[in-house]
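Trainee: Please take a close look at one part with me, the contact between domains. Then set that part in the whole.

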Amino acid sequence: MTTFAELTTLRVGGGARRWVEARTSQEIVDAATAAQAAAEPWFALGGGSNVVVSDEEFQGTVIRVLNDGIQIDGEGTQHTLVHVQAGHRWDDFVSWAVLNGLAGVEAMSGIPGTVGGAPVQNIGAYGQELAEVVHSLTFWDAELGDVVTLTRADLDFAFRHSVLKAGRRGIVLDITFALWRVGESSQALSKPIMFEQLSSALGVAMGASEPLGAVRARVLELRAAKGMVLDTNDPDTASVGSFFVNPIVSERFARSLPPDAPQFPVGEDEPPRYLAPGEEVPPLSTRQRGVKLSAAWLIENAGVRKGFALPGSGAGISSKHALAITNRGTATANDVLQLATYVQSLVQSAFGVLLLPEPTLVGLSL
Ligand SMILES: Cc1cc2nc3c(=O)[nH]c(=O)nc-3n(C[C@H](O)[C@H](O)[C@H](O)COP(=O)(O)OP(=O)(O)OC[C@H]3O[C@@H](n4cnc5c(N)ncnc54)[C@H](O)[C@@H]3O)c2cc1C
């Protein structure tokens, strides 16, 4: 019997009533249409790297998104449009882009999962974010029962957020990326490096560019040192990556925190303005402005050390990164949930900040 423990990187979770392996966009649409018509619960599973599923059997259909392939769609003056199927492994796509002299995703090397799973939480790392390179995507919309094209603007990307994360039901079938054509090989130069840790690891100033291949190699090294590249020999990588989202709080609240708490201002302040006659009222922005805090700092300073585990539990905090909850080999979804609840309540009582989970929880709540 197939279980989520076998198909997810955290390696927890029970079975499901029905599994469908969908290898083409049409198979995905057919499976989703049938599940929706049967009025039964269903969801799409990509690489299983950002989902925590309950130990109980899932009473519905799991559609495994397994279509793959990359195709160049067109060359502009600066951009190359690249069309990638949703089930393609994200890091294989990054590796392909780097080898082909296409910039824009090199700093996101080593993130597990699929291309179709990437827009859900607008993946990002080392100064790059998916939102910067998505041109559009093809989406089977569960409400409409039809396939639609969503542009970057339709997706309302923000920090670890998109309309898909906010609840627009459906399945991403493929994504068209707009990447920068910077050369013909991995020696071509990257986008400017905008992340301090990466620029110092490369020994260059912030804003400098380095060969794509060198950036990819350095990012993979930095990630491996934090247990953030999947590796069956490293037990710290049996996780969903960061378990909690870095919280964004108001400036006023941030000032009440200890001075050594890392703080990063986010969002541009738009000055208030009058609407021109006849101009439509713009939709309320869902983008948060304020100060981003480090969830890892809050966790460690609330007293939860790296490597911590509750007595008798198979789950533990990674020995390399306080933000990752890992399966030490015998964890159940319940063990993970208990540890997450413990961390959440300690941080809340120490700092008054409620940490929210980053992965999708299925059959569980925190
Ligand atoms: C070791 C490790 C390191 C990580 N590092 C990072 C990081 O640096 N930055 C970062 O942002 N994330 C990181 N993650 C989280 C994760 O890799 C990403 O969120 C990834 O994009 C999830 O893709 P997936 O295919 O595995 O999605 P899954 O885990 O399979 O699914 C996650 C959610 O997306 C939905 N979904 C999946 N595929 C589709 C689809 N085709 N259409 C619609 N919905 C879909 C699922 O229903 C579910 O709700 C890390 C995870 C791990 C394990």
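Mentor: Start with the term domain: the bounds come from an automatic or database domain assignment. This is a predicted model, in which local features need pLDDT of at least 70, side-chain atom pairs count only at pLDDT 80 or more, and totals for chains, interfaces and linings use all residues. Residues are numbered from 1 along each chain as its sequence is written.

The protein has domain 1 (4-65), domain 2 (70-225) and domain 3 (230-264 + 287-366). Take domain 1 and domain 3. Their centres, taken over C-alpha atoms, are 26 Å apart. Domain 1 puts 15 residues into the contact, and domain 3 puts in 18. Here, two residues are in contact if their C-beta atoms, placed from the backbone, lie within 7 Å.

Look at the side of domain 1 that touches domain 3. Strand β3 (residues 51-53) gives the most to that side, with three residues. Helices (H or I, at least four residues) and strands (E, at least two) are DSSP runs, numbered from the N terminus. By class, that side of domain 1 has seven nonpolar, five polar and three charged residues. Ala, Val, Leu, Ile, Met, Phe, Trp, Tyr, Cys and Pro count as nonpolar; Asp, Glu, Lys and Arg count as charged; the others, Gly among them, count as polar.

Now the core. The largest nonpolar core has 91 residues. Such a core is a set of buried Ala, Val, Leu, Ile, Met, Phe, Trp, Tyr and Cys residues joined through C-beta atoms within 7 Å. Buried means that 20 or more other C-beta atoms, placed from the backbone, lie within 10 Å of the residue's own. Val-52 and Val-336 are among the residues with the most contacts inside this core. Helix α8 (residues 333-351) gives the most to the core, with eight residues. Follow Val-336. Beyond its neighbours within four places in sequence, its contacts are Leu-10, Val-12, Val-52, Ala-315, Ile-325 and Ala-331.

Last, the whole. The protein has eight helices and 18 strands. Its radius of gyration, taken over C-alpha atoms, is 21 Å, close to the 21 Å from the globule rule for 366 residues, so the protein is as compact as a globular protein of that length. That rule is 2.2 Å times the number of residues to the power 0.38. Of the 366 residues, 41% count as buried. Among contacts between residues at least 6 apart in sequence, 65% join residues at least 24 apart.

Methods:
A residue is buried if 20 or more other C-beta atoms lie within 10 Å of its own, exposed if 12 or fewer, and partly exposed in between; C-beta atoms are placed from the backbone.
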